[in-house]
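Here's a quick briefing to read alongside the model. Have the sequence and the 3D view open as you go.

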Amino acid sequence: MMRHRLNPAPPPELLQKPVVGVLLPLPLAGAYDYKLPPGVNAARGALVAAPLGNREVLGAVWGAAEGTVGDNRLKVAEPLEGAPALPPKLCDFIDWVADYTLNPPGAILAMALRSRGAFEPEARRIAYVRGSVTPPRMSAGRARALEIAADGLARSVTGLAEDANVSSAVVRGLIQAGALIPTDLPEFAPFPQADADFAAPELNGDQARAATSLRDAVKAGKFSATLLDGVTGSGKTEVYFEAVAEALKNGRQVMILLPEIALTVQFLERFAARFGVRPCEWHSDLSQKERRRTYRAVMKGEARVVVGARSSLFLPFPELGLVIVDEEHEQAFKQQDGAIYHARDMAVVRARIEDCPVILASATPSLESFVNAQSGRYTHLTLASRHGIAELPQVKLIDLRHERDAPDAEKKAQWLSPPLRAALEKVLAANEQAMLFLNRRGYAPLTLCEACGHKFTCPHCSAWLVEHKYKKRLACHQCGYELPMPTQCPQCNETGTLIPCGPGVERVAEEFAAFFPTARYAIASSDTMHGPAETQAAIRAMAKREIDVLIGTQIVAKGHHFPQLTLVGVVDADLGGSDGDLRARERTFQLLHQVSGRAGRAEKPGLVLLQTRNPEDAVMQALAKGDRDGFYEQERQFREASQSPPFGRLAALVISGYDGDAVRTIAKALGKAAPNARDIKVWGPTPAFYALLRGQTRERLLVQAARGVDVQAYLKAWLGGIKIPAAVRVTVDVDPVSFF
Ligand code: ADP
Ligand code: ZN
């Protein structure tokens with residue numbers, strides 16, 4: 001897949017010239033030439049303030065000057081105070097990502113410079129230490145404060161007041177008396193350091209073997225890639241923590257990437273239980289100040305372990321010695337807007353450039369990683385059983401074509417079949433917990449007028465409006481458009497004719513409550529309607545056993561550990577399998593396998609019931625038989641036969657804009673202009689799955705190439721020949737994972 005050469009770094013002597021190329025964090029074609037101030041040298045990565053038009057932009061010295069602009073017309077770029085610099089290997093990485101994803105390098109640099117103010121000299125803050133003066137008047141509070149301060153640590157007024165449990169007036173009195181003297185400290189307190197030996201677990205046989213292999217990879221201190229492939233609950237996290245410990249002992253920094261969704265307090269606390277302190281975090285929820293503190297600490301090498309979302313890839317680690325991607329199969333690693341890239345793939349690239357090991361962990365690897373492991377390109381470590389006495393759950397299919405309530409039954413269910421209800425009853429009677437899973441938010445995915453057939457759709461997207469009964473609104477899940485739940489059909493003006501079609505989690509919950517009126521339940525849905533706080537509350541309630549049943553979307557599928565959870569019911573296992581895109585089957589398998597993995601994680605055995613209308617389907621059969629590798633093998637053969645990734649290469653072009661005609665014209669012109677080339681096919685243009693999205697018309701072209709083809713070169717030649725008007729956008733997605 002990644003057969004790209006590194007941009008050769010310019011020889012250092014070129015950078016000793018007073019004129020250099022400076023890359024600005026803007027979507028420009030390349031670096032611009034600038035003069036350095038007289039007598040100043042700056043190496044690749046050195047950060048400078050560069051005048052651009054009438055403003056000043058932060059940039060990085062990138063390489064030799066192009067020399068096309070006369071010396072006397074060049075502006076001067078000033079190195080920043082304290083000479084902060086991006087590590088040269090990060091610069092190489094930025095060039096590589098830009099080349100591979102066909103983004104301007106400045107757009108990638110922008111992601112590496114995302115912390116505003118991180119390069120400004122650090123402010124100082126005043127703190128106080130014990131002086132030699134004894135205050136003339138002593139009180140119990142004063143004595144306590146001085147006793148605390150006697151340890152020699154510098155504290156702020158409020159810090160000391162808190163530690164000594166006195167009012168800040170007491171502390172200020174001591175300052176006035178000269179018993180405490182001011183000193184100044186760096187703006188940010190240093191991060192506490194993780195302790196490799198804080199609480200090392202006793203590993204079982206398989207775990208110990210895997211840990212040894214990973215430790216050896218870290219010790220070797222060169223590039224290697226390992227797929228840590230273990231069933232849910234086998235202890236993958238415990239095992240890769242051993243590699244983290246080894247890296248810490250070797251004085252190297254560690255980057256752990258998690259899909260956004262798994263970046264939870266649980267993980268941070270788990271890390272703290274193993275290493276004594278929480279790791280540094282990097283994600284979009286950090287405050288400006290936390291960002292600055294973390295970025296700086298990474299750059300200075302003070303932050304040893306950073307756990308973060310995909311944007312952590314671009315942090316300036318000077319001593320990176322280990323990269324870990326947990327849940328490596330997750331689609332959340334693919335950044336879909338702005339610069340489009342796959343963080344898992346780029347993590348492997350970063351490790352190669354840093355010449356350090358990378359660990360990809362999953363119970364359901366991506367087919368790409370699985371094939372790489374099979375072919376020996378990656379080391380394949382497997383953990384085949386759950387840790388301790390926990391067993392993998394039993395998976396059974398419920399054939400919905402045969403399992404209906406009898407027509408004369410007093411009470412009929414639409415979504416919860418009799419066998420699923422019987423299983424729920426048993427679990428509730430035994431005082432255990434259950435989870436009902438449906439990967440659909442809201443109450444009903446479609447609202448229809450019974451009288452005229454009118455369907456409620458979004459005015460800005462080609463998508464149905466989803467009913468959210470709880471909030472009494474219809475909402476578009478693509479763009480967020482909402483309206484109050486109508487009572488009248490806008491087309492035929494009838495009232496009382498609007499009917500919900502199909503279930504969302506809210507509707508499943510409604511039916512559950514009708515059948516189990518005394519059971520305690522909550523809904524967890526990654527939703528704008530149920531905010532993240534509500535979801536967290538539902539999950540906490542489940543963990544504390546305040547509820548019996550958790551009803552949720554994919555937010556409940558991953559990572560959670562509920563020891564009393566013995567039943568997982570999948571309301572519609574067929575959902576997603578019929579999307580028809582290349583990865584639909586793989587994704588369905590991964591998701592259902594993950595959600596199944598929530599059952600029976602402690603002493604009590606788990607049961608998973610999958611409601612399906614296609615029990616013969618390969619995905620359902622593989623899940624029921626627990627034959628993961630059989631499924632992967634089948635999927636591998638299918639991909640190989642169709643020359644699909646990883647046996648062939650794909651790239652997508654999405655042409656979008658508010659002017660539908662202009663979009664279609666450009667899409668057609670692009671289709672016609674596609675150069676003929678051996679081993680390359682171009683499909684389209686066709687309207688995208690969401691042919692209208694947030695008001696923009698969208699057309700797609702798909703490039704399919706044999707594995708050895710330089711797709712980037714092909715795309716460059718192609719796109720270079722077409723003039724795109726400003727009102728139309730052409731987005732390139734190399735290695736697309738979704739096809740909307
Ligand atoms: P995975 O990441 O493979 O799903 P985890 O690392 O989360 O598995 O482990 C599952 C559970 O088993 C966790 O609660 C973990 O703390 C526990 N566990 C795994 N291995 C050990 C071990 N060697 N000693 C103690 N507890 C372990
Ligand atoms: Zn919409």
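With 740 residues, a compact globule would come out with a radius of gyration near 27 Å, and the chain has 29 Å, so the two agree. That radius is taken over C-alpha atoms, and the globule rule is 2.2 Å times the number of residues to the power 0.38. This is a predicted model, where local features need pLDDT of at least 70 and side-chain atom pairs count only at pLDDT 80 or more, while totals for chains, interfaces and linings use all residues. Residues are numbered from 1 along each chain as its sequence is written, chains are lettered from A and ligands numbered from 1 in the order in which they are written, and side-chain values use heavy atoms, with hydrogens and water left out.

**Overall picture**

- Along its principal axes, the C-alpha trace spans about 90 × 80 × 60 Å.
- The chain has 19 helices and 31 strands; these are DSSP runs numbered from the N terminus (helices are H or I, at least four residues; strands are E, at least two).
- Buried residues account for 52% of the 740; buried means under 20% relative accessible area, exposed over 50%, and partly exposed in between (1.4 Å probe, protein chains only).
- The accessible surface is about 32700 Å², with 52% of it belonging to carbon and sulfur atoms; areas come from the Shrake-Rupley method with a 1.4 Å probe, and for residues only the protein chains shown count as cover.
- Of the contacts (heavy atoms within 4.5 Å) between residues at least 6 apart in sequence, 75% join residues at least 24 apart.

**Domains**

- The domain assignment lists domain 1 (12-113), domain 2 (124-186), domain 3 (205-383), domain 4 (389-440 + 504-646), domain 5 (442-502) and domain 6 (648-734); the bounds come from an automatic or database domain assignment.
- The centres of domain 2 and domain 6, taken over C-alpha atoms, are 67 Å apart.

- S3 (residues 47-52) and S5 are antiparallel over two bridges, and Ala-49 has Glu-78 as its bridge partner in S5.

**Helix H1**

- H1 (residues 88-101) has 14 residues and reaches 20 Å from its first C-alpha to its last, close to the 20 Å expected at 1.5 Å a residue; the expected span is 1.5 Å times one less than the number of residues.
- It's largely enclosed by the rest of the structure, because 11 of its 14 residues are buried; among them are Asp-92, Phe-93, Asp-95 and Trp-96.
- Leu-102 follows H1 and has a positive phi, near 60 degrees.

**Strand S9**

- Five of the five residues of S9 (residues 253-257) are buried.
- Gln-253, Met-255 and Leu-257 point one way, Val-254 and Ile-256 the other.
- S9 runs parallel to S12 (residues 320-326), joined by five bridges, with Gln-253 opposite Leu-320.
- S9 also pairs in the parallel sense with S11 (residues 305-308) over four bridges, where Met-255 has Val-306 as its bridge partner.

**Trp-415**

- Trp-415 lies in the loop between strand S17 (394-399) and helix H12 (418-429), and counts as buried at 16% relative accessibility.
- Leaving aside neighbours within four places in sequence, its contacts include Gly-502, Pro-503, Arg-507 and Gln-611.

- Most residues other than glycine have a negative phi, and most peptide bonds are trans.
- The bond from Pro-645 to Pro-646 is cis, with omega near 5 degrees; Pro-646 is in the loop between H17 (628-641) and S28 (648-657).
- Gly-684 and Pro-685 are also joined by a cis bond, omega about 5 degrees, and Pro-685 lies in strand S29 (residues 680-693).
- Arg-694 has a positive phi near 50 degrees, sits in the loop between S29 and S30 (696-706), and is partly exposed at 48% relative accessible area.
- Asp-735 has a positive phi near 55 degrees, lies in the segment after S31 (729-734), and is buried at 16%.

Terms used:
Pairing = 2+ DSSP bridges.
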